[in-house]
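Open the model in your viewer and keep the sequence panel beside it. The stops below are given in the order in which to select them.

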Amino acid sequence: MQSVRMIEDWPVETAAVAVVRGADGALLGAHGPQRHRFQLASVTKPLTAYAALVAVEEGVFELDDPAGPDGATVRHLLSHTSGLAFDEPRAMAAPGTRRLYSNAGFDVLADTLAKASGIPFDRYAAEAVFQPLGMTDTAIDLAHRSPAGAGGVSTAADLAVFAAELQAPRLLHPSTVAAATLEVSFPGLSGVLPGFGHQRPNDWGLGFEIRDGKSPHWTGATSSPATFGHFGQSGTFLWVDPVAGVACVALADRDFGPWAAEVWPAFTDAVLAELRGQR
């Protein structure tokens with residue numbers, strides 16, 4: 001793929017991208033150092049969410065088990081509707097009434113899983129997700145950081161494996177992944193999409209943002225409304241477009257800012273256009 005070379009013009013020192021086909025997990029294109037470890041920031045959240053969904057299937061807890069502030073559940077924490085503030089475990093709204101993007105909610109989620117399973121969250125995530133998928137360069141470091149973002153490190157090669165898993169699940173039942181990525185949790189709620197302003201509605205699944213009709217957005221103008229994924233403040237993103245049958249991961253060593261809001265959508269549109277031209 002020629003479009004992946006567009007990252008050479010990004011205003012960053014180091015970047016790596018990978019494009020993965022959904023049907024068979026084939027790597028369609030890659031550019032940049034595929035084994036370079038990057039800070040993931042909030043791209044850690046889909047990994048944390050996937051570990052939580054494994055825990056649900058294993059019977060560690062259920063989506064509607066109480067967790068977090070009064071009236072909140074695991075489902076609320078995963079979908080940013082627990083009412084917790086952005087970066088502190090302080091209730092700002094009643095559960096299920098507002099879409100408040102919350103790092104604190106994912107901290108509570110990880111703590112809830114650890115208490116229910118009796119296993120530290122970072123170890124649970126490694127044993128439930130990273131090791132089975134062979135993601136040898138991926139970790140969530142909880143010694144000094146958070147499962148909401150700052151603790152995650154990975155590579156383009158590892159996230160390409162995870163992107164393949166999202167499109168053809170092996171660790172989870174396909175219906176579980178579909179419920180997390182294609183079905184809006186608590187539909188109709190508005191809220192702020194960090195970096196892109198207030199969105200009405202601000203749709204999310206369980207740990208994954210769903211694009212729908214959001215504008216502006218970090219994916220492309222030609223991305224389907226069914227596109228889901230996450231981006232991170234460290235200059236990272238992962239999206240899956242089930243209509244196009246493809247996923248893309250991009251990692252960089254420059255924090256998110258106007259540069260990313262400008263080049264990411266154009267890059268995504270170029271990738272999708274090249275794939276359409278190959279069919």
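This is a predicted model: local features need pLDDT of at least 70, side-chain atom pairs count only at pLDDT 80 or more; totals for chains, interfaces and linings use all residues.

Residues are numbered from 1 along each chain as its sequence is written, and side-chain values use heavy atoms, with hydrogens and water left out.

**Stop 1: a sheet**

Helices (H or I, at least four residues) and strands (E, at least two) are DSSP runs, numbered from the N terminus. Two strands pair if DSSP finds at least two bridges between them. Now show strand 5 (residues 152–154), which pairs with strand 4 in the antiparallel sense over 2 bridges. Which residue of strand 5 is the bridge partner of Ala139? The partner is Val153.

**Stop 2: helix 4**

Select residues 121–133. Helix 4 has 13 residues and spans 17 Å from its first C-alpha to its last, close to the 18 Å expected at 1.5 Å a residue; the expected span is 1.5 Å times one less than the number of residues. Look along the helix for a kink of about 40 degrees, centred on Glu127. The bend at a residue is the angle between axes fitted to the seven residues ending there and the seven starting there.

Next, colour the buried residues of helix 4: Phe121, Tyr124, Ala125, Ala126, Ala128, Val129, Phe130 and Leu133. Buried means under 20% relative accessible area, exposed over 50%, and partly exposed in between (1.4 Å probe, protein chains only). The cover over these buried residues includes helix 1, helix 3, strand 4 and helix 5 (156–167). Gly134 follows helix 4 and has a positive phi, near 75 degrees.

**Stop 3: Thr181**

Move to Thr181 in helix 6. Is Thr181 buried or exposed? Thr181 is buried, with a relative accessible area of 2%. A polar atom of the Thr181 side chain lies 2.7 Å from the backbone oxygen of Val177. A polar contact is a pair of N or O atoms within 3.5 Å; within protein, one must be able to donate a hydrogen and the other to accept it, and residues adjacent in sequence count only if both atoms are side-chain atoms. Neighbours within four places in sequence aside, Thr181 is in contact (heavy atoms within 4.5 Å) with Phe208, Ile210 and Phe228.

**Stop 4: backbone features in loops**

Most residues other than glycine have a negative phi, and most peptide bonds are trans.

- Ala41: phi is positive, near 50 degrees. Ala41 lies in the loop between strand 3 and helix 1 (44–57), and counts as buried at 15% relative accessibility.
- Phe186: phi is positive, near 55 degrees. Phe186 sits in the loop between helix 6 (174–181) and strand 6 (191–193), and counts as partly exposed at 24% relative accessibility.
- Pro201: the peptide bond from Arg200 to Pro201 is cis, with omega near -5 degrees. Pro201 belongs to the loop between strand 7 (197–199) and strand 8 (209–210).
- Pro216: the peptide bond from Ser215 to Pro216 is cis, with omega near 0 degrees. Pro216 is in the loop between strand 8 and strand 9 (228–232).
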